[in-house]
Amino acid sequence: MIETIKQLLTLQEIDSAIMAATERKEKGPQEIKELEGGLQRSKQEFEEQLEQTENLARKRMMAEQDFEEIRAKIRKSQGKLSQVKNTREHRAILKEIDDLKSMMKAKEEEIIQVMEEQEALNGVIEKKKVLLENEQMRVEERKQGVEVLIRQAEEDLNVLRDQKVALSKDLNPEILDRYNFIREKLGGLALAGVSNGVCGVCHMNLPPQRFNELLRSDRLMTCPSCHRFIYWSDHEEFNGKVE
């Protein structure tokens with residue numbers, strides 16, 4: 001029975017390695033998806049900032065057009081001054097010119113404000129462009145690294161599965177079925193070492209009589225608490241074995 005326990009322990013090690021390799025393989029695509037998602041968000045933010053520059057350029061162009069139209073109206077009104085024949089009309093034109101100048105000043109301030117916004121945004125965009133290029137390089141490098149890890153995990157799985165098939169052929173089918181059932185039900189661990197009468201997984205004490213039976217190592221036993229296969233881990237045959 002000791003030889004069977006050894007085989008089961010080796011099988012458990014292989015199954016644990018398969019679980020770890022499967023997790024690495026499955027995490028890879030998710031990590032790549034997250035990397036690409038983060039990069040896409042950065043690109044979207046950059047595109048939105050470029051769109052803001054276009055909006056500001058249009059806003060500035062329209063303000064400058066309005067400014068020139070107001071200037072033209074002022075010149076036209078100033079030209080009328082020499083043609084007026086009475087004080088009332090003269091005052092009305094002067095009032096019109098003053099109002100137009102106020103409008104022109106307000107439009108000039110608007111243009112200056114837009115130019116300042118453009119300058120600030122252009123500075124942000126230049127920095128963002130550099131950051132985006134660096135992020136693209138980092139993402140590409142990381143993606144390549146993850147793809148290597150995925151391929152390595154696939155290779156490891158192929159080797160481990162072959163080892164499992166070969167080892168399973170040497171085990172009693174009934175014992176193998178029980179092992180697989182326990183492993184699937186109890187989080188991947190079907191065996192537990194017992195030392196000083198305590199189960200190494202659930203940490204419960206075995207009844208003294210059952211522990212004495214376990215010391216004989218002449219039959220396959222289970223823990224009365226967690227129902228895993230148990231073995232006396234202090235036996236010289238298992239010394240150094242990982243539980």
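Modeller: Start with the largest nonpolar core, which has 21 residues. Ile5, Leu8, Tyr179, Leu191 and Phe229 touch the most other members. Bear in mind that this is a predicted model.

Colleague: Which elements supply at least two residues of this core?

Modeller: Helix H1 (2-81), helix H2 (87-168), helix H3 (173-185) and strand E4 (229-232) each do. H1 gives the most, with seven residues.

Colleague: What is Ile5 in contact with, leaving aside its neighbours within four places in sequence?

Modeller: Ile5 is in contact with Leu191, Leu220, Ile230, Tyr231 and Phe238. The rule for contact is heavy atoms within 4.5 Å. There is also a second, separate core of 10 residues. Its members include Ala192, Val194, Phe211 and Cys226.

Colleague: Phe211 is in helix H4. Which residues of H4 are buried?

Modeller: In H4, residues 208-216, the buried ones are Phe211, Glu213 and Leu214.

Colleague: How do you know that the buried residues of H4 line one face?

Modeller: Look down the axis of H4. The buried residues fall within an arc of 160°, so they line one face of the helix. The face turned away from the buried side carries the exposed residues Pro208, Gln209 and Arg216.

Colleague: What do the buried residues of H4 pack against?

Modeller: They pack against strand E1 (191-195), strand E3 (221-222) and E4. After H4 comes Ser217, whose phi is positive, near 50°.

Colleague: Now the sheet. In what order do the four strands lie?

Modeller: The order is E2-E1-E4-E3, in an open sheet with mixed pairing.

Colleague: What makes E2 and E3 edge strands?

Modeller: Strand E2 (198-199) and E3 each pair on one side only.

Colleague: How do you know that E1 and E2 pair?

Modeller: The rule asks for at least two bridges between the strands. Two bridges join E1 to E2, so the pair meets the rule. The two strands run antiparallel. Val198 in E2 is the bridge partner of Ser195.

Colleague: Which helix lies across E1, E3 and E4?

Modeller: That is H3, running at about 105° to E4.

Colleague: On to charges. How many salt bridges are there?

Modeller: The count comes to 13.

Colleague: Why is the pair Arg142 and Glu31 called a salt bridge?

Modeller: The cut-off is 4 Å from a side-chain nitrogen to a carboxyl oxygen. For Arg142 and Glu31 the N to O distance is 2.7 Å, so the pair qualifies. The pair links distant parts of the chain. Arg142 is in helix H2 and Glu31 is in helix H1, 111 residues apart.

Colleague: Why is Arg142 called partly exposed?

Modeller: Buried means under 20% relative accessible area, and exposed means over 50%. Arg142 has 35%, so it falls in between. Glu31, at 26%, is also partly exposed.

Colleague: What about Lys143 and Glu36: what joins their side chains?

Modeller: They meet in a salt bridge, at 2.9 Å from N to O. This pair, too, links distant parts of the chain: Lys143 in helix H2, Glu36 in helix H1, 107 residues apart.

Colleague: Is Lys143 buried or exposed?

Modeller: Lys143 has a relative accessible area of 16%. That is under 20%, so Lys143 is buried.

Colleague: Where do Lys95 and Asp99 lie?

Modeller: Both lie in helix H2, four residues apart, about one turn of the helix. Lys95 is partly exposed at 48%, and Asp99 is partly exposed at 35%.

Colleague: Which residues do salt bridges with shared partners join into one network?

Modeller: Asp15, Lys164 and Arg183.

Colleague: One last label. Why is Met62 called exposed?

Modeller: Met62, in helix H1, has 51% relative accessibility. The cut-off for exposed is over 50%, so Met62 counts as exposed. The C-alpha atoms of Met62 and Ile111 are separated by 9.3 Å, although the two residues are 49 residues apart along the chain.

Notes. Residues numbered from 1 in each chain as written. Predicted model: local features only at pLDDT ≥ 70, side-chain atom pairs only at ≥ 80, totals over all residues. Heavy atoms only, no water. Core = buried A, V, L, I, M, F, W, Y, C linked by side-chain atoms within 4.5 Å. Buried < 20%, exposed > 50% of the residue type's maximum accessible area, 1.4 Å probe, protein only. Arc of directions from axis to C-beta. Axes fitted to C-alpha atoms, helices over the stretch in contact; angles between N-to-C directions.
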